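My entries follow in the order I made them.

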Amino acid sequence: MAKDFNQLFDAWSNTYDQTVVGGDVEYKEVFAHYEQILDEVAKKSKGYIVEFGVGTGNLTEKLLKEGFEIYGVEPSRGMRNKAKEKLPHVPVVEGDFLTFPMPEEHPDTIVSTYAFHHLTDEEKSRAIALYSDILNETGKIVFADTVFIDEEAKQAIIKEALQNNHNRLAEDLQTEYYTTIPVLQEIFEENGFQVTFTQMNAFVWVMDAEKRRENQ
Ligand SMILES: C[S@@+](CC[C@H](N)C(=O)[O-])C[C@H]1O[C@@H](n2cnc3c(N)ncnc32)[C@H](O)[C@@H]1O
């Protein structure tokens, strides 16, 4: 079972929007091209959208501007309050990737940015299986998150963070559940998705996973 990150995110909710514009030097590279990353996820989305780990609502806001209807899910009260201040008309319910009040409609797209690494690989697999069930037949998943090509690449970036005295970042990379592309590819494919990965900065990749049709 993954850790509960609510306290951390309740505290971070007040300064999160400064971090994403490069206000925290240790996380500058993680949030490099943040706006383009969110734009890319919005561009790949369609129809009725469920978003997990809404945070302060930055992706939600972009999706709303594109004219989408969104159902947000966010475990941290502090983050939910920030998102509701920005976007009072968007429903943002208490819940997480695995346990959440079901939306009334089947979603066409499930999106999330900078959050999926909060689940262990086993939980990631359960989440994708669940989404395969609740998505529309032609539905898709579009996630952006820190992912590594392989374990060696992950260890190299942790070493570099330590050499730069980015100790909070190094600890984060060592203690959360950042995974590799082959692991995610297997999880998506086992659950009937065809997935592509696009690198957006030294840490973050966009994953675009479409449900495979029966005869594909
Ligand atoms: C780094 S923030 C990203 C916020 C926003 N998506 C963005 O791109 O700026 C991570 C968010 O994921 C949420 N989170 C943490 N654990 C989660 C879980 N198990 N399920 C869903 N969201 C989670 C946190 O509360 C936080 O709001």
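**Terms for strands.** I count two strands as paired if DSSP finds at least two bridges between them. Helices (H or I, at least four residues) and strands (E, at least two) are DSSP runs, numbered from the N terminus.

**Ground rules.** Residues are numbered from 1 along each chain as its sequence is written. The model is predicted, and local features need pLDDT of at least 70, side-chain atom pairs count only at pLDDT 80 or more, while totals for chains, interfaces and linings use all residues.

**Strands 7 and 8.** I looked up how strand 7 (residues 193–199) meets strand 8 (residues 204–211): they run antiparallel and are joined by seven bridges. Valine 195 has alanine 209 of strand 8 as its bridge partner.

**Valine 204.** I found valine 204 in strand 8. Is it buried or exposed? For this I used C-beta atoms placed from the backbone: a residue is buried if 20 or more others lie within 10 Å of its own, exposed if 12 or fewer, and partly exposed in between. Valine 204 counts as buried because it has 22 C-beta neighbours inside 10 Å. Two residues are in contact if their C-beta atoms, placed from the backbone, lie within 7 Å. Neighbours within four places in sequence aside, valine 204 is in contact with Val30, Ile37, Ala144, Asp145 and Thr146. I also checked histidine 117, which is 87 residues from valine 204 along the chain; their C-alpha atoms are separated by 11 Å.

**Strand 5.** Ala144, Asp145 and Thr146 are in strand 5, where Ala144 and Thr146 point one way and Asp145 the other, and all are buried. In a regular strand the side chains alternate between the two faces of the sheet. Nine of the nine residues of strand 5 (residues 140–148) are buried, so the strand is largely enclosed by the rest of the structure. Strand 5 pairs with strand 4 in the parallel sense, over five bridges.

An unreviewed UniProt entry lists residues 49–139 as "domain: Methyltransferase". I took the record's positions in the numbering used here; feature names are shortened, and annotations may be inferred rather than shown by experiment. The span 49–139 is 35% helix and 18% strand, and its end C-alpha atoms lie 10 Å apart. The unreviewed entry also places "binding site" at Gly53, Glu74 and Asp96. These are spread over 44 residues of sequence but cluster in space, with a largest C-alpha distance of 7.1 Å.

**Glutamate 74 and aspartate 96.** Glutamate 74 lies in the loop between strand 2 (69–73) and helix 5 (77–86). It is buried because 30 other C-beta atoms lie within 10 Å. Aspartate 96 sits in the loop between strand 3 (92–93) and strand 4 (109–113). Aspartate 96 is buried too, with 21 other C-beta atoms within 10 Å. Beyond its neighbours within four places in sequence, aspartate 96 is in contact with Val73 and Pro75.

**Ligand shell.** The ligand is surrounded by 20 residues, and the closest are Gly53, Gly55, Asp96, Thr113 and Ala115.

Technical notes. A residue is near a molecule or strand if its C-beta atom, placed from the backbone, lies within 6 Å of it.
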